Amino acid sequence: MTRYQQLANILSQRIKEGLYAAGERLPSVRVLSDEHGVSISTVQQAYRQLEECLLIEARPKSGYFVRCSSNLPALPALCSHAQRPVEISQWENTLEFLKASAQENVLHLGIGTPDLSGPGLKILSRLLARISLHQSQEVLDYDSIYGTMALREQIARLMLDSGNHQSAENIIITSGCHGALAIALGAVCQPGDIVAVDSPSFHGAMQTLKGMGMKVIEIPTDPVVGISLEALEMALDQWPIKAIQLTPTCNNPLGYNMPDERKKALLTLAQRYDVAIIEDDVYGALAYQYPRPPTIASFDDDGRVLLCSSFSKTVAPGLRIGWIAPGRYLEKALHMKYISAGRVPTLPQLAMVEFIKQGHYLQHLRRMRRQYQRNRDIMTGWIMKYFPPNTCLSRPQGSFMLWVELPYGFDSLRLNRYLLPQGVQIAVGFISSAAGKYRNCLRLSYSKPMTREIEQAIQKVGKTIYELLEVEQPAVVANQP
């Protein structure tokens with residue numbers, strides 16, 4: 001970390017702790033230079049970084065001041081209350097998104113891929129090469145259906161950070177978190193069953209439910225505290241729900257961390273109605289706070305929570321290493337893995353064992369959390385600068401996803417089709433709903449370094465939104481709920 005970054009972190013912490021209050025004038029550049037023994041240019045760079053992060057603002061001939069939080073955009077609204085289970089649609093739109101995500105010469109602003117340029121991944125690449133060379137026979141053979149024991153032991157240790165005391169014997173290695181979710185759903189549900197989900201939700205989970213012939217009831221979800229427990233209880237009273245599937249920590253796409261008391265209350269509801277909870281914790285380790293929030297599974301004492309995660313978002317998606325701790329459903333989950341994905345390749349598992357044991361994984365996580373938090377604030381600033389003033393925006397507490405809500409009646413599908421010829425892609429909100437809600441929403445990723453190219457892409461998105469709003473304004477107004 002450079003000197004200006006260290007200074008920026010010190011000042012940021014002072015602001016967050018209230019040592020510098022909102023609207024208060026900060027020390028002059030010269031005073032900070034003397035106080036910390038750094039050059040004036042170092043202080044200026046630190047102040048520029050804090051400006052980009054929306055923590056401070058420069059006032060002509062007056063100096064630097066702490067920003068007031070009221071300058072942040074409004075939060076997205078809750079969706080309407082759950083009414084009935086629906087069959088999932090949107091596969092065609094999801095496929096369109098996936099195809100566009102593979103196009104070259106397109107800047108993919110909506111794809112959920114972590115930054116792959118960090119120094120930690122160079123170490124991982126060397127480990128992969130070394131293990132492939134020196135353990136060639138082992139990596140070419142079948143692995144256990146459970147996955148490599150050494151990796152399961154390391155994962156069990158890592159899970160202690162989230163309050164989970166799991167035995168390695170109760171963990172199954174899967175093909176990514178997506179594979180873990182499919183196994184979990186197959187272990188507790190049958191075709192035709194009803195699953196309650198947070199809304200908006202991960203589009204991959206939606207399509208997994210569709211492919212398995214299940215119906216979904218969407219539960220309104222608050223962008224700060226998570227799924228509505230009141231609406232969920234009403235749904236459990238009305239419908240024979242078999243499972244609750246949600247992402248309560250570093251949610252995708254809203255980014256909230258569900259408070260611990262609400263996690264416990266959700267578990268109590270599940271116990272009362274005797275339903276399983278499928279907890280997607282794929283982003284949990286990327287929470288900006290430390291220690292990271294506990295999982296729902298950490299409060300579970302009767303094995304009804306199936307905890308799913310992976311290294312796809314914390315390290316690299318190409319590893320295809322996920323896991324599931326299925327609680328009381330271990331044997332069913334193992335059978336689902338056997339008949340669907342079978343065994344997971346051995347080489348990446350062995351490489352991850354060494355990556356964790358040598359301390360590189362936790363070091364990589366610390367670096368990425370800092371980067372993503374800084375990127376969140378920079379991208380929030382760009383959206384405030386280039387998007388319409390009535391844009392609503394989530395305030396993620398972890399991970400690298402932003403949920404953007406535009407005026408009701410706006411069409412993000414049309415927006416995306418205008419952007420693709422300009423070399424920019426977004427994730428339309430439409431695919432995050434079983435029933436096709438959130439057409440006026442979009443998801444943006446801020447995992448990559450915040451370059452001038454990305455700022456220009458955000459500017460293009462904002463400019464196109466303005467143009468479409470000008471054309472569609474009568475329809476947008478007419479469709480107000």
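This is a predicted model: local features need pLDDT of at least 70, side-chain atom pairs count only at pLDDT 80 or more; totals for chains, interfaces and linings use all residues.
**Ground rules.** Residues are numbered from 1 along each chain as its sequence is written, and side-chain values use heavy atoms, with hydrogens and water left out.

**Strand β8.** I took helices (H or I, at least four residues) and strands (E, at least two) as DSSP runs, numbered from the N terminus. I looked up β8, residues 241–246, and found five of its six residues buried. Buried here means under 20% relative accessible area, exposed means over 50%, and partly exposed lies in between, with a 1.4 Å probe and protein chains only.

I then checked its partners, counting two strands as paired if DSSP finds at least two bridges between them. Strand β5 (residues 194–199) runs parallel to β8 and is joined to it by four bridges; I194 has I241 as its bridge partner in β8. Strand β9 (residues 276–280) is also parallel to β8, again with four bridges, and L246 is partnered there by E279.

I noted that β8, helix α11 (residues 260–273) and β9 form a right-handed β-α-β unit. Right-handed means that, with the strands pointing away from the viewer, the path from the first strand over the helix to the second runs clockwise.

**Helix α7.** In α7 (residues 149–158) I list L151, R152, Q154, I155, A156 and L158 as buried. These buried residues pack against β4 (172–174), β11 (322–325), α13 (346–357) and α14. Contact means heavy atoms within 4.5 Å.

**H360.** This residue lies in helix α14 (residues 360–386). Is H360 buried or exposed? H360 is buried, at a relative accessible area of 17%. Leaving aside neighbours within four places in sequence, I find H360 in contact with I123 and F355. Its side chain also makes a polar contact with the side chain of Q358, at 3.1 Å. A polar contact is a pair of N or O atoms within 3.5 Å; within protein, one must be able to donate a hydrogen and the other to accept it, and residues adjacent in sequence count only if both atoms are side-chain atoms.

**Cysteines.** I searched the whole structure for disulfides (cysteine sulfur atoms within 2.5 Å) and got zero. For C189 the closest cysteine sulfur is in C308, 12 Å away, so the pair is too far apart for a bond. C189 is buried at 4% relative accessible area. The sulfur of C441 is 8.8 Å from that of C392, its closest, which is also too far for a bond. C441 is buried, with 2% relative accessibility.
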